[in-house]
Amino acid sequence: MNLAVVIPTYNEKETLPNLLEELLYEIKKIAEKFFIIIVDDSSPDGTGQIAEELNIKYGNISVIHRKGKFGLGSAYKEGFRFVLEKYDPDFIIQMDADHSHDPKEIPKMLKNMLGYDFAVASRHVLGSSVVGWGTYRKIVHSIAGTLAAICGGLKISDPTSGFRIFEKSVLRSIDFSKIKSDGFAFQIEMLCLLKKMGFRGFEFPTLFINRKEGKSKMGINEMIQFIKICISLLMRKI
Ligand SMILES: Nc1nc2c(ncn2[C@@H]2O[C@H](COP(=O)(O)OP(=O)(O)OP(=O)(O)O)[C@@H](O)[C@H]2O)c(=O)[nH]1
Ligand SMILES: [Mg+2]
């Protein structure tokens with residue numbers, strides 16, 4: 001099995017080295033060939049350079065250096081296009097760089113992919129847990145997830161989760177120019193498109209650990225864009 005992992009980064013110098021060490025350890029156990037793609041938006045803290053150094057240390061890491069901060073969704077679009085054009089992985093994994101997503105769950109999710117087109121690591125199904133979130137974060141997250149699910153008509157309990165696996169033909173059949181969001185709302189639009197195209201997904205119970213280092217990039221602008229996308233979905237404009 002050949003695997004590719006796409007990781008968008010913006011100021012993640014504290015977390016990326018440990019994440020990559022653990023990720024490589026896990027995927028080397030199951031993959032014949034593997035490719036890691038870091039999409040860095042000129043992180044002022046030098047994450048892009050650190051990613052290059054990690055490639056010298058481990059190999060198999062491609063770093064896409066972009067000229068500005070163009071957003072999480074735009075980073076995924078570019079990373080997915082790159083990986084499909086350059087490599088031919090059987091599965092493509094997306095995850096955050098902040099080590100909130102546990103690489104040990106990748107083999108477990110892959111084992112369940114038979115008969116499915118994609119998988120979403122969920123913080124809301126039986127067996128999942130979230131470590132390190134306060135009440136405010138839990139409430140905001142629940143409201144955002146519920147709103148997105150209602151507006152998009154999604155049956156997924158955690159539509160904002162950024163830890164997902166796609167079978168390669170799924171990503172090959174997607175016209176990414178149809179996804180308007182360049183920010184965090186990309187996650188929702190992507191699920192809506194998958195649903196529209198009739199792809200089948202499942203949710204996997206995840207252990208989500210809040211970032212211990214670095215800062216969240218989810219700001220007020222992202223929230224506004226998220227609400228706009230939800231309204232467009234509700235009005236069937238997407
Ligand atoms: N390339 C790129 N990556 C981004 C951008 N915004 C966020 N990211 C990355 O996207 C991932 C998710 O961002 P986070 O800040 O962890 O967002 P979050 O998980 O909602 O927030 P926390 O739970 O507080 O960490 C991380 O790997 C970020 O570095 C961006 O504009 N460009
Ligand atoms: Mg995060």
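Tutor: Let's go from the whole chain down to two residues. This is a predicted model, where local features need pLDDT of at least 70, side-chain atom pairs count only at pLDDT 80 or more, and totals for chains, interfaces and linings use all residues. Residues are numbered from 1 along each chain as its sequence is written, chains are lettered from A and ligands numbered from 1 in the order in which they are written, and side-chain values use heavy atoms, with hydrogens and water left out.

Student: How many helices and strands does the chain have?

Tutor: Helices (H or I, at least four residues) and strands (E, at least two) are DSSP runs, numbered from the N terminus. Here you get 8 helices and 9 strands.

Student: And why call the chain as compact as a globular protein of its length?

Tutor: Take the radius of gyration over C-alpha atoms and hold it against the globule rule, 2.2 Å times the number of residues to the power 0.38. The chain comes out at 17 Å, close to the 18 Å that the rule gives for 238 residues, so it is as compact as a globular protein of that length. Its C-alpha atoms fill a box of roughly 50 × 40 × 35 Å along the principal axes.

Student: What share of the residues is buried?

Tutor: Buried means under 20% relative accessible area, exposed over 50%, and partly exposed in between (1.4 Å probe, protein chains only). Buried residues are 50% of the 238 in this chain.

Student: How do I read contacts by sequence separation?

Tutor: Contact means heavy atoms within 4.5 Å. Of those between residues at least 6 apart in sequence, 81% join residues at least 24 apart.

Student: Is Arg-164 buried or exposed?

Tutor: Arg-164 has 0% relative accessibility, so it counts as buried; it sits in strand β7 (residues 164-167).

Student: Which backbone oxygens does the Arg-164 side chain reach?

Tutor: A polar contact is a pair of N or O atoms within 3.5 Å; within protein, one must be able to donate a hydrogen and the other to accept it, and residues adjacent in sequence count only if both atoms are side-chain atoms. The Arg-164 side chain has the backbone oxygen of Pro-159 at 2.9 Å and that of Gln-187 at 3.0 Å.

Student: Where is Thr-206?

Tutor: Look in the loop between β8 (201-205) and β9 (207-209). With 5% relative accessibility, Thr-206 counts as buried. Its side chain makes a polar contact of 2.5 Å with that of Glu-105, and the residues Thr-206 touches beyond four places in sequence include Ser-122 and Phe-163.
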